[in-house]
Amino acid sequence: QVQLVESGGGLVHTGGSLRLSCEASGSIFSINTMGWYRQAPGKQRELVAVIISGGSTDYAASVKGRFTISRDNVKDTVYLQMNSLKPEDTAVYYCNALLGTWLGEEYDTWGQGTQVTVSS
C-alpha cells in the first residue's frame, strides 16, 4: 500500500558525491521515521542514517561528517547527500520508512534498493 521509490544511485570516483532520494507514496497516515541502510557483498545490512519527523538525525560512525540526511515532510521524501565517497561506501542502499496508522499501529516498508559504486 505504501511504496518507496529510490533514485540517485550510480558510479562515482573516490571523493565524488551522490544524492539519493526516496519518495513515499500511497496510503499514508504518518511517517514516523525514515532512514537509509546499506548492504555490501558479504556484509550484513547496516544502518547509515535515520531522521524522525521532528528533524532529529543519527548517523553511523563511518559516515558521520560525510553524509547528510534530510527530509521533506510535505513531499514525503528523504534524501541522503553523500560527499567524499570512498570505495568502502560501495553497497546497495535501501530506503526504509516506519509508518503509523490512525489506529496507532506501526509497520515498516523498504525500497527496492539502489546501487552505489565508488571506484578507486
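1. Some ground rules before you look around. Because the model is predicted, local features need pLDDT of at least 70 and side-chain atom pairs count only at pLDDT 80 or more, while totals for chains, interfaces and linings use all residues. Numbering runs from 1 along each chain as its sequence is written, and side-chain values use heavy atoms, with hydrogens and water left out.

2. Start with the open sheet: 4 strands in the order 1-3-8-7, with antiparallel pairing. Its edge strands are strand 1 (2-7) and strand 7 (67-72), each of which pairs on one side only. From one strand to the next the twist averages 15 degrees (axes are lines fitted to C-alpha atoms, with angles from 0 to 180 degrees between N-to-C directions). Strands here are DSSP runs of E, at least two residues, numbered from the N terminus, and two of them pair if DSSP finds at least two bridges between them.

3. Now zoom in on one side of that sheet. Strand 7 and strand 8 run antiparallel and are joined by 6 bridges.

4. Leaving aside residues up to four places away in sequence, Thr77 touches Cys22, Glu23, Met34, Ser70, Arg71 and Asp72 (contact means heavy atoms within 4.5 Å). A polar atom of the Thr77 side chain also lies 3.0 Å from the backbone oxygen of Lys75.

5. Met34 takes us to another set of strands, where it stands opposite Ala97 in strand 9. Strand 4 (residues 30-39) pairs with strand 9 (residues 91-100) in the antiparallel sense, over 9 bridges. Strand 4 is also joined to strand 5 (residues 46-52) by 6 bridges, again antiparallel, with Glu46 as the bridge partner of Arg38. Those two strands form a hairpin with 6 residues between them, and Gly42 in the turn has a positive phi of about 75 degrees.

6. Finally, check two arginines. The charged end of Arg19 sits over the ring of Tyr79, 4.0 Å from its centre. Arg45 does likewise with Tyr94, its charged end 3.8 Å from the ring centre. For such a call, NZ of Lys or CZ of Arg must be within 6 Å of the ring centre and within 35 degrees of the ring normal.

Terms used. A polar contact is a pair of N or O atoms within 3.5 Å; within protein, one must be able to donate a hydrogen and the other to accept it, and residues adjacent in sequence count only if both atoms are side-chain atoms.
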